[in-house]
Amino acid sequence: MTPDRRTFLTSAGLAALAVGTSAVTSGCTPSGGASGGGAPAPGTSATLSVPVDSIPVGGGKILDNAAFVVTQPTAGEFKAFNKTCTHQGCPVSSIEGSNIVCRCHGANFSIVDGSVTKGPATKPLRPATAVVEGAEVKISAS
């Protein structure tokens with residue numbers, strides 16, 4: 001018996017959902033700590049590395065393939081934060097002067113301590129650990 005149109009479309013939609021879900025979750029694994037690699041899985045102590053010279057003094061860098069933003073407020077002082085805005089969960093989008101900016105709703109955070117410098121966010125960015133080892137900044141979730 002041939003399935004009716006509704007049954008066929010429902011089955012096709014569920015199959016697509018299953019494929020989409022596995023594709024999304026497969027991107028959530030750590031990359032083994034390669035430079036600029038993926039974010040460590042929650043609850044793990046995995047770290048990733050970025051070159052010290054890739055983080056500008058008085059600014060920072062939002063890591064494309066990881067869950068962090070790394071800053072260098074003053075020469076040799078490195079900070080790291082989760083790059084998810086505390087307002088509504090958008091990833092922060094840029095660093096402008098001494099602020100980490102979320103373009104979704106305009107929230108700004110300090111590169112020094114992740115504190116809110118402009119709302120609508122009311123909570124700071126979640127801190128991460130940044131440790132300099134040679135020419136690399138090692139970053140891990142706190």
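Is Cys85 buried or exposed, and what is its relative accessibility? Cys85 counts as buried, at 3% relative accessibility; here buried means under 20% relative accessible area, exposed means over 50%, and partly exposed lies in between, with a 1.4 Å probe and protein chains only.

The structure is a predicted model, in which local features need pLDDT of at least 70, side-chain atom pairs count only at pLDDT 80 or more, and totals for chains, interfaces and linings use all residues. Residues are numbered from 1 along each chain as its sequence is written, and side-chain values use heavy atoms, with hydrogens and water left out.

The cysteines may be taken up next. A disulfide is counted where a pair of cysteine sulfur atoms lies within 2.5 Å. The sulfur of Cys85 has its closest cysteine sulfur in Cys102, at 3.9 Å, which is too far for a bond. Cys102 is accordingly in no disulfide, the sulfur of Cys85 being the nearest cysteine sulfur to it. Cys102 is also buried, with a relative accessible area of 1%.

By the distance rule, the count comes to 1 disulfide. This bond joins Cys90 to Cys104, with an S to S distance of 2.2 Å. Cys90 lies in the loop between strand 4 (77-82) and strand 5 (94-96), while Cys104 lies in the loop between strand 6 (99-101) and strand 7 (108-110), so the pair ties together parts that are 14 residues apart in sequence. The strands are DSSP runs (E, at least two residues), numbered from the N terminus. The torsion about the S-S bond of Cys90 and Cys104 is about -105°, and the disulfide is therefore left-handed. Cys90 is buried, at 18% relative accessible area, whereas Cys104 is partly exposed, at 40%.

The charged side chains form the next topic. The structure holds 2 salt bridges, a salt bridge being a side-chain nitrogen of Lys or Arg within 4 Å of a carboxyl oxygen of Asp or Glu. One of them brings together the side chains of Glu77 and Lys79, with an N to O distance of 3.9 Å. Glu77 is partly exposed, with a relative accessible area of 27%, and Lys79 likewise counts as partly exposed, at 30%.

Arg103 forms a salt bridge with Glu96, and the closest N and O atoms of this pair are 2.8 Å apart. Arg103 is exposed, with a relative accessible area of 54%, while Glu96 counts as partly exposed, at 39% relative accessibility.

How values were computed
Helices (H or I, at least four residues) and strands (E, at least two) are DSSP runs, numbered from the N terminus.
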